[in-house]
Amino acid sequence: QGRFAGAFLNDARHGTGVLECGPLTYYGPWKNGKRHGKGVESLLIGSTRIECISVIHEGVLVRRTLVTVQYKHVAEALKRDARRAEEEAEEAAEKALVLANG
């Protein structure tokens with residue numbers, strides 16, 4: 001189901017991460033394998049990108065707000081946090097490979 005980079009707990013997505021699935025990218029928190037909390041959904045349609053701030057509770061959408069100038073700083077902060085988690089996960093994977101290979 002797409003490419004995920006981020007935190008895991010007991011083999012389930014848990015913590016902050018980025019899920020890329022075709023034209024849709026989700027930046028945000030996960031809990032027990034389900035999207036959970038406030039995140040950003042970004043959809044690319046042709047050359048147009050539409051972004052929404054979504055509030056999700058255990059995989060169920062509670063509220064979605066289209067990102068406008070008023071909310072742009074919130075979306076950017078959420079995406080920045082998710083990208084940081086993605087980078088940390090990649091660094092941890094690289095360290096694990098180094099340790100495994102001696």
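In the predicted model, strand E2, spanning residues 12–21, pairs with strand E3, spanning residues 24–31, in the antiparallel sense, and seven bridges link the two. Within this pairing, Gly15 lies opposite Trp30 of E3. The two strands form a hairpin in which two residues separate E2 from E3. Gly22, located in this turn, adopts a positive phi of about 65°.

With strand E4, which covers residues 34–35, E3 pairs in the antiparallel sense over two bridges. Here Lys31 is placed opposite Lys34 of E4. A hairpin is again formed, with two residues between E3 and E4, and Asn32 in this hairpin has a positive phi near 50°. Tyr26 has Glu41 in E5 as its bridge partner.

Strand E5 comprises residues 37–45 and includes Leu43. Leu43 has a relative accessibility of 31% and is therefore classed as partly exposed, since this class lies between the limits of 20% and 50%. Leu43 also contributes to a nonpolar surface patch of about 390 Å², whose other members are Leu24, Ile45, Ile50 and Leu66. Ile45, another member of the patch, falls within the residue range of E5, and Leu24, likewise a patch member, falls within that of E3.

Terms used:
Residues are numbered from 1 along each chain as its sequence is written. This is a predicted model: local features need pLDDT of at least 70, side-chain atom pairs count only at pLDDT 80 or more; totals for chains, interfaces and linings use all residues. Side-chain values use heavy atoms; hydrogens and water are left out. Patches are made of residues with over 30% relative accessible area and no salt bridge: like charges are joined within 9 Å, nonpolar side chains (Val, Leu, Ile, Met, Phe, Trp, Tyr) within 5 Å. Accessible areas come from the Shrake-Rupley method with a 1.4 Å probe; for residues, only the protein chains shown count as cover. A salt bridge is a side-chain nitrogen of Lys or Arg within 4 Å of a carboxyl oxygen of Asp or Glu. Helices (H or I, at least four residues) and strands (E, at least two) are DSSP runs, numbered from the N terminus. Buried means under 20% relative accessible area, exposed over 50%, partly exposed in between (1.4 Å probe, protein chains only). Two strands pair if DSSP finds at least two bridges between them.
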